[in-house]
Amino acid sequence: MKIHLSLLTSLVLLSGCNAGDPVMVYESRNALQCETTGISPSESAAKLSAEDIEVTETVCGRRTGVAYPAACGMGTGTILIHKIAEADLAVAKKIGFQKVAELVDLDAGTGYEFVDCEKE
């Protein structure tokens, strides 16, 4: 009986260590044509880290299926994408990040693609 109780206790304690499946979140770079490339990937990741959210991967991306007029001062559709634990999603949303999967709308033809990040 003691062995079963010990095993059950161990499983319960270990289940608390699992942060869940990873999820990809994003925020706009706030880049403006002819003016700025916007915030850097490391600046964006630092926002999550400041909330004790571990970022395991960071990539650059661009929204697709959305038209951006070619004019100085207009947006570019560039985004910063981070992989975090699903358990941290609610906090990430509170500070302005969204799930990247929400960008995909097959009916509207919108989505995203990965692009190379320029060197910081």
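# Cysteines, rings and cores: asking why

Mentor: Let's begin with Cys117, which counts as partly exposed at 34% relative accessibility. Keep in mind that we are looking at a predicted model.

Trainee: Why is Cys117 called partly exposed?

Mentor: Buried needs under 20% and exposed needs over 50%. Cys117 has 34%, so it belongs to the class in between.

Trainee: What makes Cys117 and Cys60 a disulfide?

Mentor: The two sulfur atoms are 1.8 Å apart. The cut-off is 2.5 Å, so the pair qualifies. The link is right-handed, with 115° about the S-S bond. Cys60 sits in strand 2 and Cys117 in the segment after strand 5 (111-115), so this pair ties together parts that are 57 residues apart in sequence.

Trainee: And is Cys60 buried or exposed?

Mentor: Buried: its relative accessibility is 3%, and the limit is under 20%.

Trainee: How many disulfides does the whole structure hold?

Mentor: The search finds two. The other one joins Cys34 to Cys72, with an S to S distance of 2.0 Å, so it also meets the 2.5 Å limit. That link is left-handed, at -65° about the S-S bond. Cys34 is in the loop between strand 1 and helix 2, while Cys72 is in the loop between strand 2 (57-64) and strand 3 (78-85), so the pair ties together parts that are 38 residues apart in sequence.

Trainee: How do you know that Cys34 and Cys72 are exposed?

Mentor: Exposed means over 50%. Cys34 has 61% and Cys72 has 56%, so both pass.

Trainee: What pattern do the disulfides follow?

Mentor: Counting bonded cysteines along the chain, the pattern is 1-3, 2-4.

Trainee: Now for the rings. Why are Tyr112 and Phe114 called an aromatic pair, and which geometry do they have?

Mentor: The structure holds one such pair. The ring centres of Tyr112 and Phe114 are 5.8 Å apart, and the limit is 6.5 Å, so they pair. The planes make an angle of 80°, which is over 60, so the pair is edge-to-face. Tyr112 is partly exposed at 28%, whereas Phe114 is exposed at 52%.

Trainee: What makes the approach of Ser40 to Ser42 a polar contact?

Mentor: Their side chains come to 3.2 Å, and the cut-off is 3.5 Å. Ser40 is in the loop between strand 1 (22-28) and helix 2 (41-49). With 13% relative accessibility, under the 20% limit, Ser40 counts as buried.

Trainee: Which residues make up the largest nonpolar core?

Mentor: There are eight: Val23, Val25, Leu48, Ile53, Ile84, Leu89, Ala92 and Phe97. Strand 1 and helix 3 (89-94) each supply at least two residues of this core. A second, separate core of six residues includes Tyr26, Ile79, Val100 and Leu103.

Trainee: What is Val25 in contact with, leaving aside neighbours within four places in sequence?

Mentor: Among its contacts are Leu48, Ile84, Leu89 and Phe97, along with His82, Gln98 and Lys99. Val100 is another of its contacts.

Technical notes. Residues are numbered from 1 along each chain as its sequence is written. This is a predicted model: local features need pLDDT of at least 70, side-chain atom pairs count only at pLDDT 80 or more; totals for chains, interfaces and linings use all residues. Side-chain values use heavy atoms; hydrogens and water are left out. Rings of Phe, Tyr and Trp (its six-membered ring) pair if their centres lie within 6.5 Å; planes under 30 degrees apart count as stacked, over 60 as edge-to-face and the rest as tilted. Buried means under 20% relative accessible area, exposed over 50%, partly exposed in between (1.4 Å probe, protein chains only). Helices (H or I, at least four residues) and strands (E, at least two) are DSSP runs, numbered from the N terminus. A polar contact is a pair of N or O atoms within 3.5 Å; within protein, one must be able to donate a hydrogen and the other to accept it, and residues adjacent in sequence count only if both atoms are side-chain atoms. A nonpolar core is a set of buried Ala, Val, Leu, Ile, Met, Phe, Trp, Tyr and Cys residues joined through side-chain atoms within 4.5 Å. Contact means heavy atoms within 4.5 Å.
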